[in-house]
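The sequence and structure come next.

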Amino acid sequence: MRISRFLAGGLAGAAIAVTLSGCVGAPPLTIYGGLADRCFETSTADEGFFAVIGVTLANDSPRAVILREVRVLQLENARLESLSVVDETSRYSAFGVAPGGQLTPEQRPLWNDRAAIDGTVIEAGSSAELLVELHADDYTDYAGLRGLRIKYDDGWFSATSIADAVVGFVPPWSTCGSAAR
C-alpha cells in the first residue's frame, strides 16, 4: 500500500515536471528598431544636446510578460539620464523622438504617464514604449546608444532579450550620414 502511494505520488510529480518542461521559458519579447540604425538630426542648437527616444517593445505571445530590468550595452559620446516605460496605445503610433525634450502634443500624455521599468506588465499581444533620455557628452558629434538587454519574466520563467539597436542623434551642425556608426 505504501509503495503504491509512493509510486503514484512520484508519477504525479513526474507528470507535472514534464508539463512544465514543455514551457521552455518566458515568451519572446520583440524589440523594434533594432534592425537598422536610427539617427535623428536635430533642427536647432538648443535641441542638439539631448533627446528623448522611444523604442517599441512588443509581446506577440499569448502570455503577459513582466519587465524587470533594461540595460544599455554601450553608450557613444552620451550619458543615460533616464529609462522609463509607457503603455503604447498602438504599435503604429510610437513615441518617436523628442529632440531637446521638446514634446509634441501626441508625446506629452505618453511622457506624463511614464513609469518605472521593474514590474511593468506588457499584456499578451500588446506593446510598450521604452523611453530613453540621452544627453550628449561632446556637443560636436553623434551621441547615442548601441544595444539593449531587457530582462523579463512571465511569472514562472525568466528570459532576456538582446537587441542590436543603434539609436542616437546629432546636433544641427553635424550629419547622421558621416557621424553615425
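Asp154 counts as buried at 14% relative accessibility, where buried means under 20% relative accessible area, exposed over 50% and partly exposed in between (1.4 Å probe, protein chains only). The structure is a predicted model, in which local features need pLDDT of at least 70, side-chain atom pairs count only at pLDDT 80 or more, and totals for chains, interfaces and linings use all residues. Residues are numbered from 1 along each chain as its sequence is written, and side-chain values use heavy atoms, with hydrogens and water left out.

**Asp154 and its partners**

Asp154 sits in the loop between strand 9 and strand 10. Helices (H or I, at least four residues) and strands (E, at least two) are DSSP runs, numbered from the N terminus. The Asp154 side chain makes a polar contact of 2.8 Å with the side chain of Arg63. A polar contact is a pair of N or O atoms within 3.5 Å; within protein, one must be able to donate a hydrogen and the other to accept it, and residues adjacent in sequence count only if both atoms are side-chain atoms. A polar atom of the Asp154 side chain also lies 3.0 Å from the backbone nitrogen of Trp156.

**Salt bridges**

Side chains of opposite charge can pair when their charged atoms come close. How many salt bridges does a search of the whole structure find? The search gives 6, a salt bridge being a side-chain nitrogen of Lys or Arg within 4 Å of a carboxyl oxygen of Asp or Glu. Three of them are tabulated here.

| Asp154 | Arg63 | 2.8 Å |

Arg63 and Asp154 meet in a salt bridge. Arg63 is partly exposed, at a relative accessible area of 31%, whereas Asp154 is buried at 14%.

Asp118 is exposed, with 52% relative accessibility, and Arg68 is partly exposed, with 37%. Arg68 and Asp118 are also linked with Asp153 in a network of salt bridges.

In the remaining tabulated pair, Glu81 is partly exposed at 43%, and Arg79 is partly exposed at 38%.

Glu76 is placed in strand 4 and is buried, with a relative accessible area of 9%. Its side chain is joined to that of Arg146 by a polar contact of 2.8 Å. Glu76 and Tyr142 are 66 residues apart in sequence, yet their C-alpha atoms are 7.7 Å apart in space.

Asn77 lies in the loop between strand 4 and strand 5. The phi angle of Asn77 is near 55°, a positive value in a residue other than glycine. Asn77 is partly exposed, at 24% relative accessible area.

**Nonpolar cores**

In soluble globular proteins, nonpolar side chains tend to be buried together. A nonpolar core is a set of buried Ala, Val, Leu, Ile, Met, Phe, Trp, Tyr and Cys residues joined through side-chain atoms within 4.5 Å. Which members of the largest nonpolar core touch the most other members? Among its 30 residues they are Leu67, Leu130, Leu148, Ile150 and Phe169. At least two residues of this core come from each of strand 3 (50-58), strand 4 (65-76), strand 5 (78-87), strand 8 (127-136), strand 9 (143-153) and strand 10 (158-170). A second, separate core has 8 residues, including Val52, Val86, Leu103 and Trp111.

**The chain as a whole**

The protein chain has 3 helices and 10 strands, which follow the pattern α-β-β-β-β-β-β-α-β-β-β-β-α along the sequence. Of its 181 residues, 41% count as buried. Among contacts (heavy atoms within 4.5 Å) between residues at least 6 apart in sequence, 84% join residues at least 24 apart. The accessible surface of the protein chain comes to about 9800 Å², of which 56% belongs to carbon and sulfur atoms. Accessible areas come from the Shrake-Rupley method with a 1.4 Å probe; for residues, only the protein chains shown count as cover.
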